[in-house]
Amino acid sequence: MNTTVVERSRFERLAEWSQRHRRLAIVLWIVALAAITFASQAVGSAYEDDHTLPGTESQQLQDRFGGEVGESAQIVVRHEAGVPADRVERMLAQLPHLAGPPSPLQFSDDGHIAYATVPLPKDIPVEDTRRIIDTAKAAEGDGLTVALGGGAIREAAEGGGGPAEGAGLLASLVILVFMFGSFLAASLPVLTAVFAVGSSLGVIVLASQVFTLPSYVPYLMMLVGLGVGIDYALLIFSRYRTEILHGADRDQATRTALDTAGRSVLFAGLTVIIALAGLMVLGLGSLRGVALAVGMTVLLTMIAAVTLLPALLTAFGRRIEKAVTKRGKAHGDRWRKWGALVQRRPWAPLLLAVAALGVLSLPALGMRLGFADSGTEAPEQTTRQAYDLLAEGFGPGFNGPLIVLSDGGDPAALAQALANTPGVDTSTTPPSSGAVSTTLVFPDSGPQDEATHELVTRLRAEVLPALEARTGGEYLVGGATAAADDFATAIGARLPVFIGVVVGLSALLLLVVFRSILVPLKAAVLNLLSIGASLGVMTLVFQEGWFGAQPGPIEAFVPVMIFAIVFGLSMDYEVFLVSRMHEEWRRSGDAARAVREGLANTGGVITAAAGIMIVVFGAFVLSSDRMLQQFGLGLAVAVLLDAVVIRCLIVPAVMRLFGERAWWLPSWLDRRLPRVALER
């Protein structure tokens with residue numbers, strides 16, 4: 001008698017190991033989390049915001065003139081009857097934790113507004129900054145208004161992610177309970193994500209001792225890690241439930257889930273990491289740190305999904321089996337009917353959906369990049385009040401002066417040239433020794449105004465080159481506003497290469513996996529559409545001030561980071577949906593049936609996974625930090641459009657129109673490509 005031996009895949013062997021050693025696998029994750037957390041707390045973080053812009057004019061100025069500048073804050077006061085100098089100076093003398101004496105009070109022309117600059121210790125603790133705020137605010141009363149400005153003050157007023165992480169986890173749990181009808185079943189994907197994100201956070205703290213990681217990376221890591229971690233665990237868990245519905249025993253269902261959905265999870269995670277790696281081509285230090293940290297987080301969520309989750313399924317499988325099978329069949333039937341409906345008239349949903357995404361993308365064409373300052377904060381914040389008072393008393397350009405470094409040349413000629421330049425209010429040149437000096441240039445417009453950015457361009461392109469030709473000096477323009485211009489220009493110049501690398505590598509991976517020309521092209525175009533629409537919505541909200549948001553520029557590095565993250569996440573859903581279509585196509589050879597069955601088997605889990613990501617990302621809109629708000633909204637909108645509009649409307653319609661051509665690959669190319677299977 002002949003016996004056929006079926007070789008088990010690596011994924012099946014991994015699942016069997018996790019099943020046999022389930023207690024060991026769970027204990028290892030608990031020990032790893034505890035050890036990493038203890039080590040990270042013992043060592044501490046060493047985050048550093050690297051805003052260097054190699055080759056730009058503002059960076060050249062910083063390298064030549066800059067060095068480390070100590071922290072400082074501005075104490076701004078106002079009194080309608082004239083600022084009482086003695087009273088304010090007594091308050092300044094009482095301020096704790098200063099690095100030196102306050103500067104003399106500077107008064108506006110009418111005497112109603114005054115300010116003093118107070119030096120702060122480098123890396124001043126937030127608690128000490130809050131004591132300074134409380135001491136200064138205690139002087140208010142009898143018509144005197146006190147407000148405080150400066151980076152340390154802003155940091156003390158912000159709370160990072162705030163309630164976002166907890167709100168996102170709670171909402172995710174509610175969605176999963178509704179989906180599976182069991183709290184225990186719903187808790188397994190969440191528990192897997194919590195272990196992965198907790199471990200990632202500790203690893204990133206340790207990595208900050210070796211690599212340059214920005215201070216905001218823990219919040220961004222949690223934002224992406226929670227969404228991706230729950231998603232990956234849910235995709236495997238959903239396939240486990242499907243196998244149970246088809247009559248498999250619990251152990252076999254776990255092995256099959258890992259051998260199918262587990263492959264898709266690893267491939268999808270790889271596309272996210274590739275997309276993040278594309279940030280490296282931008283050559284900006286802060287974005288390299290983000291790519292490293294978030295990529296590491298995605299890697300750990302993948303590992304948790306294929307090692308911890310199978311152990312949990314084996315440990316609790318008997319208790320959750322009955323609950324998770326209650327809703328599966330009817331849910332699949334509804335998605336099958338929806339797929340058939342879209343296929344009957346594919347052109348109508350396709351054209352309407354593409355038109356809607358195109359309209360939403362249009363505002364992104366007018367996106368203005370920059371950096372948030374106190375002028376974009378809520379009016380009730382003390383830093384915004386200080387910003388407004390300084391603008392009222394000393395001119396709108398006072399909050400964002402330009403710095404002109406001159407090496408040689410004629411100081412009087414520079415002063416005259418600046419005085420004759422449209423857009424310049426005043427300029428001052430502190431006394432200096434030697435040929436190198438700096439001049440503060442105060443625009444007659446605010447730091448975030450388009451007129452100020454035009455002034456930077458005018459100085460660099462027209463005024464100062466002409467002065468260099470006449471005097472033989474060298475002039476550089478820097479300052480926060482000029483640096484924002486340089487950052488936006490640097491990103492814009494590298495953007496085509498960045499997009500090409502991310503799209504090209506992701507499409508190549510899809511080409512290898514699905515043995516198709518049209519599927520990767522379709523995925524690339526649709527992903528670009530969803531990203532463009534999300535950036536358009538973000539522009540309307542944060543740049544134009546829709547829904548009560550404070551209008552201002554979009555943070556310069558947010559769009560490219562959203563592009564990298566969303567492109568990778570969109571590929572997650574593409575892989576999960578199309579791999580089930582491809583599996584059915586290989587089984588039946590019926591292209592139309594492959595679309596219906598693929599949607600029937602994945603539509604529910606994709607929308608549930610998207611719902612979880614939307615609430616996790618959307619919860620960060622509750623943050624007090626404008627950058628996290630932009631990330632949260634941009635990612636939530638992109639996932640919403642991708643899951644609802646693209647996966648449920650456009651993809652079924654396009655695949656119906658493609659028919660059998662969707663799976664066509666030239667034979668000569670098929671022979672040369674490596675074989676990578678996502679299906680069993």
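These legends walk through several close-up views of the structure above. The model is predicted, so local features are taken from residues with pLDDT of at least 70 and side-chain atom pairs from pLDDT 80 or more, while totals for chains, interfaces and linings use all residues. Residue numbers start from 1 along each chain as its sequence is written, and side-chain values use heavy atoms, with hydrogens and water left out.

**View 1. A sheet in the order β2-β3-β1-β4.** Welcome to the opening view. Here 4 strands make an open sheet with antiparallel pairing; helices (H or I, at least four residues) and strands (E, at least two) are DSSP runs, numbered from the N terminus. Two strands count as paired if DSSP finds at least two bridges between them. At the edges are β2 (106-107) and β4 (145-149), each with a single partner strand, so one side of each has no neighbour in the sheet. Strand β1 (residues 71-78) is joined to β3 by 8 bridges, and arginine 78 stands opposite isoleucine 113 in β3. Helix α4 (residues 85-94) packs on this sheet, touching β1, β2, β3 and β4, and its direction makes about 150 degrees with that of β1. Contact here means heavy atoms within 4.5 Å. Angles run from 0 to 180 degrees between N-to-C directions, and axes are lines fitted to C-alpha atoms, for helices over the stretch in contact.

**View 2. A sheet in the order β7-β8-β6-β9.** This open sheet of 4 strands has antiparallel pairing. Its edge strands are β7 (424-428) and β9 (474-478), each with a single partner, so one side of each is left without a neighbour in the sheet. Ignoring direction, neighbouring strands are turned by 25 degrees against each other on average. Look for the 6 bridges between β6 (residues 402-407) and β8 (residues 436-443); aspartate 407 has valine 436 in β8 as its bridge partner.

**View 3. Tyrosine 115 and phenylalanine 394.** The structure holds 10 aromatic pairs. Rings of Phe, Tyr and Trp (its six-membered ring) pair if their centres lie within 6.5 Å; planes under 30 degrees apart are stacked, over 60 edge-to-face and the rest tilted. In this pair the centres are 5.2 Å apart and the planes stand at 90 degrees, so the pair is edge-to-face. Tyrosine 115 belongs to strand β3 (residues 113-120) and phenylalanine 394 to helix α14 (residues 382-394), so the pair ties together parts 279 residues apart in sequence. Tyrosine 115 is buried, at 13% relative accessibility, whereas phenylalanine 394 is partly exposed at 21%. Buried means under 20% relative accessible area, exposed over 50% and partly exposed in between (1.4 Å probe, protein chains only). Ring pairs link Tyr115, Phe394, Phe398 and Phe442 into a cluster.

**View 4. Helices α17 and α18.** The axes of α17 (residues 480-514) and α18 (residues 518-543) come within 8 Å and cross at roughly 145 degrees. Val503, Ala507, Leu510, Leu511 and Phe514 in α17 meet Val519, Pro520, Ala523, Ala524 and Leu528 in α18.

**View 5. Lysine 522 in helix α18.** Lysine 522 lies in α18 and is buried, with a relative accessible area of 6%. Beyond its neighbours within four places in sequence, lysine 522 is in contact with Glu574, Val578, Val651, Val654, Met655 and Phe658.
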